[in-house]
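Please keep the structure in view while reading.

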Amino acid sequence: MTTQHQTLALLLFSVFVAATLAITTWVSRNRHGSAEEFYVGGRLFSPMENGFAIAGDYMSAASFLGISGLIALFGYDGMLYSVGFLVAWLVVLLLVAELVRNCGRFTLADVVAARMSERPVRIAVGSSSVTVSVLYLVAQMVGAGSLVSLLLGGNSGAAQAWTVIGVGALMVIYVTLGGMRATTWIQIVKAVLLMTGSVLLTALVLVRFHGDFNQLLTSAAHRSGHGAKFLAPGLKYGGDWTSRIDFISLGLALVLGTAGLPHILSRFYTVPTARAARRSVVWSIGLIGGFYLMTIVLGFGAAALVGSDQVRASNPAGNTAIPLLALEVGGGADSTGGTVLFAVVAAVAFATILAVVAGITLASSASVAHDLYATLRRRNAAKQKQKQRSEVAVARVAAAGIGAVAIGLSLLAKDLNVAFLVGLAFAVAASANLPVLLFSLFWRNFTTRGAVWSVYGGLIPAVVLVVLSPVVSGSPTSLFPGVDFQFFPLENPGLLSIPLGFLAGWLGTVTSSEPPDAAKHAETEVRSLTGAGAV
């Protein structure tokens with residue numbers, strides 16, 4: 001990139017960072033220090049505001065940078081991510097949004113613990129939520145590293161490392177000072193910026209091809225180097241039966257994973273009622289649906305106008321396809337239009353990353369404080385207010401600890417595609433969080449043992465299978481290419497670990513000596529369906 005690109009993009013980065021820090025500072029002056037204020041922003045957001053914030057939380061670097069990059073490199077097979085991420089919202093809307101809002105207070109564990117023995121359930125679900133959040137954080141921070149590395153000169157390892165550290169520091173500041181209210185407003189601003197940037201870029205790509213989508217696809221196939229195979233299934237996942245099964249595994253994880261993501265579920269608590277939570281999801285589906293349709297155009301546009309080889313040369317995982325496309329449709333590397341559009345798109349992508357990492361960090365620090373710390377600490381009803389304040393203090397410290405862990409893992413995973421990394425987070429969420437959530441809401445005989453077994457029965461196999469997969473060792477693109485302890489052939493564990501989570505929950509329940517509590521189930525059922533007694 002030229003000095004002109006660097007200066008303009010860094011200037012826009014700085015403007016957004018300054019604006020978000022100003023929002024955070026303003027919010028921190030008006031905070032009351034209560035747990036409700038810190039975790040859910042006082043439940044004061046309207047459905048439209050929350051819908052934009054959910055979209056801002058969900059449309060991550062994996063979506064903007066990763067999916068388009070995968071489509072630019074692998075064509076049809078890359079589109080699975082766009083379809084999977086969008087279809088997943090139907091599961092959220094139909095099965096969990098309204099029920100979670102009615103049953104919970106701050107975190108996912110609140111829903112499960114409503115009818116179980118609290119201590120073991122909160123420890124299990126809290127641990128699972130933190131694991132999913134850290135995996136998701138790594139994907140966002142790798143995206144930030146790739147972006148700034150491109151900006152500062154190709155594949156600068158030092159630039160990537162310092163960017164990851166900088167993003168980690170910023171997300172800790174956002175969460176510790178501003179809590180949910182600052183995080184929500186940052187996500188709303190980011191959603192508006194991202195949708196505006198995506199519409200502009202999509203329009204410019206379609207103008208290049210005179211609105212002829214068929215011509216766009218033909219050009220993309222030609223410049224990809226793969227010809228007609230680029231537009232057919234099988235380029236990434238069709239080489240052999242292992243890759244085809246991996247394709248099914250990934251699809252299952254993407255469709256089921258959203259309903260188990262802690263930072264998405266926690267957004268339903270920021271509105272006053274279950275009806276508002278449902279309307280929030282309707283708003284977000286409209287925004288998210290439009291966005292994922294645009295990622296398809298942008299991915300094929302990058303293949304057609306930039307070329308798959310050039311995208312791969314810039315970043316082997318394809319994470320820089322969108323900025324390169326912006327440079328091209330703006331008029332080329334030496335033009336003013338190209339420079340401005342590149343800088344704008346790079347700044348929007350950076351804004352996307354900052355907003356999403358703030359939301360994830362808040363959700364994971366809430367799990368540490370509200371589920372793990374508050375459960376392990378001796379309860380004292382007389383000191384409830386003091387306990388809530390100490391919980392918030394622990395959440396702020398936890399944000400720093402989680403940030404440090406995510407930074408370390410991001411530096412290890414810096415060469416992996418960000419959408420692929422999010423696919424792993426979705427697989428763990430669908431394996432550990434979704435079974436226990438659905439069983440708690442819908443199965444009358446579900447017990448505490450079933451809940452704990454369900455979480456660990458999905459979480460442990462998912463994490464172990466990832467460690468033993470080609471993602472970590474045994475191939476040139478692994479985290480540790482020099483060693484080989486690969487025993488599991490699939491890159492995404494969802495096909496095996498998701499059924500194991502459901503099976504473990506059923507097995508734990510039927511072998512439990514504890515009788516199911518019919519009264520608590522009836523109370524939870526009425527509360528989840530009607531909102532009576534909801535916080």
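Helices α12 and α14 are oblique to each other, because angles under 35 degrees count as roughly parallel, over 145 as roughly antiparallel, 65 to 115 as roughly perpendicular and the rest as oblique. The axes of α12 (residues 274-305) and α14 (residues 321-329) cross at roughly 60° and come within 9 Å. Axes here are lines fitted to C-alpha atoms, for helices over the stretch in contact, and angles run from 0 to 180 degrees between N-to-C directions. Helices are DSSP runs (H or I, at least four residues), numbered from the N terminus.

This is a predicted model, in which local features need pLDDT of at least 70 and side-chain atom pairs count only at pLDDT 80 or more, while totals for chains, interfaces and linings use all residues. Residues are numbered from 1 along each chain as its sequence is written, and side-chain values use heavy atoms, with hydrogens and water left out.

The crossing of α12 and α14 is left-handed, a term used if the near helix is turned anticlockwise from the far one by less than a right angle. In α12, L298, G301, A302 and L305 meet A321, I322, L325, E328 and V329 of α14, where contact means heavy atoms within 4.5 Å. By class, this contact of α12 with α14 has seven nonpolar, one polar and one charged residues. Ala, Val, Leu, Ile, Met, Phe, Trp, Tyr, Cys and Pro count as nonpolar, Asp, Glu, Lys and Arg as charged, and the others, Gly among them, as polar.

Helix α12 also packs against α9 (residues 213-224), at an angle of about 50° and with the axes 7 Å apart. The helices α9 and α12 are therefore oblique to each other, and their crossing is left-handed. From α9, F213, L216, L217, S219, A220 and R223 meet V297, F300, G301, A303, A304 and L305 in α12. This contact of α9 with α12 has nine nonpolar, two polar and one charged residues.

A further partner of α12 is α5 (residues 79-103), packed at an angle of about 175° with the axes 10 Å apart. That angle makes α5 roughly antiparallel to α12. The residues of the contact of α5 with α12 divide into 15 nonpolar, five polar and three charged.

Attention now turns to a pocket. By class, the lining of the second largest pocket has 18 nonpolar, one polar and no charged residues. The largest share of this lining, four residues, comes from α7.

Methods: Helices (H or I, at least four residues) and strands (E, at least two) are DSSP runs, numbered from the N terminus.
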